[in-house]
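Colleague: I would like to learn how to read a helix and a surface patch from a model. Could we work through an example?

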Amino acid sequence: MEQRCEVAVLGLGAMGTATLYQLAKAGVSAIGVDRHSPPHTCGSSHGDTRITRLSVGEGPQYLPLVRNSHAIWRDLEALSGEALFEQCGVLVMSSHPAYDPQDPQDFTHKTIELARAYGVEHEVLSAQSIRQRFPQFAPVLDNAIGYFEPGGGYVRPERCIDVQLKLAKVHGARVLTDETVTHLQTHGEGVRITTDKGSILADKVVVSAGMWSADLLGAPFDRLLKVCRQKLFWFELAEQAVFAPVSPSFILD
């Protein structure tokens with residue numbers, strides 16, 4: 001039997017799950033579909049941690065999104081009892097032989113300028129200050145510069161996905177896992193979604209399928225979207241890592 005909804009969300013990683021939860025919370029009839037059973041190891045949301053900070057050196061367009069997300073993580077923690085956002089601070093550093101204090105394109109410089117422009121609480125640290133405040137980074141070069149944002153830290157992406165899926169269901173969302181979308185087709189003023197197990201007729205569709213988006217959407221996205229693999233690693237700390245309990249998340253350029 002064909003299912004119907006106002007909005008279908010295809011792909012339930014970090015973006016899709018958040019979208020599904022917010023739709024359901026707002027009273028929208030929504031269905032989420034994922035080819036696996038999230039949280040899982042097959043998408044870009046896999047792993048234990050992700051750095052989060054307000055002053056995102058990649059561009060100012062991210063700042064309002066991050067600011068809102070920090071409030072959402074706290075709300076979700078209160079609702080679920082799960083620890084999702086560790087506000088341990090973020091330290092961004094430039095420390096390399098080619099570092100140019102006058103280079104406006106330096107990542108740490110861009111982070112500092114963005115924080116100043118948007119009123120993000122932060123400190124600018126010299127190499128000496130970095131060593132004094134955070135001895136674990138004592139090997140930085142003498143010309144190093146640091147940006148410390150106390151409001152940043154890291155989130156637990158898989159926990160966030162799990163919590164938002166559960167809460168989306170509480171608000172009435174339907175979640176279809178281990179079900180693969182095979183075709184999208186305009187149907188009247190809506191979209192018919194064909195899967196390997198059935199079909200869905202939705203007024204609107206949100207595609208958050210990550211690396212599967214190009215194949216799913218077809219032309220012209222199969223030419224415009226390119227999958228780039230980013231390898232992430234997590235290492236267990238040695239027992240003598242005495243600075244671990246007070247260490248911020250960090251980005252070293």
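This is a predicted model: local features need pLDDT of at least 70, side-chain atom pairs count only at pLDDT 80 or more; totals for chains, interfaces and linings use all residues.

Colleague: Which residues of helix 5 are buried?

Modeller: An α-helix has 3.6 residues a turn, so residues three or four places apart point the same way. In helix 5 the buried residues include Pro 157, Cys 160, Ile 161, Gln 164, Leu 165 and Ala 168. Their cover includes helix 1 (14–25), helix 2 (63–80) and strand 8 (153–155).

Colleague: Is Gln 164 buried or exposed?

Modeller: Buried means under 20% relative accessible area. Gln 164 has 2%, so Gln 164 is buried. Beyond its neighbours within four places in sequence, Gln 164 contacts Thr 17, Ala 18, Tyr 21, Trp 73 and Leu 76.

Colleague: And the patch: which residues make the nonpolar surface patch of about 350 Å²?

Modeller: Leu 217, Phe 221, Leu 224 and Leu 225 make that patch. Exposed means over 50% relative accessible area. Leu 224 has 58%, so Leu 224 is exposed. Leu 224 belongs to helix 7, residues 221–224.

Colleague: What does UniProt place at residues 7–231?

Modeller: An unreviewed UniProt entry places the feature "domain: FAD dependent oxidoreductase" there. In the model, residues 7–231 are 32% helix and 24% strand.

Note on methods
Residues are numbered from 1 along each chain as its sequence is written. Side-chain values use heavy atoms; hydrogens and water are left out. Patches are made of residues with over 30% relative accessible area and no salt bridge: like charges are joined within 9 Å, nonpolar side chains (Val, Leu, Ile, Met, Phe, Trp, Tyr) within 5 Å. Accessible areas come from the Shrake-Rupley method with a 1.4 Å probe; for residues, only the protein chains shown count as cover. A salt bridge is a side-chain nitrogen of Lys or Arg within 4 Å of a carboxyl oxygen of Asp or Glu. Helices (H or I, at least four residues) and strands (E, at least two) are DSSP runs, numbered from the N terminus. Buried means under 20% relative accessible area, exposed over 50%, partly exposed in between (1.4 Å probe, protein chains only). UniProt positions are given in the numbering used here, feature names are shortened, and annotations may be inferred rather than shown by experiment. Contact means heavy atoms within 4.5 Å.
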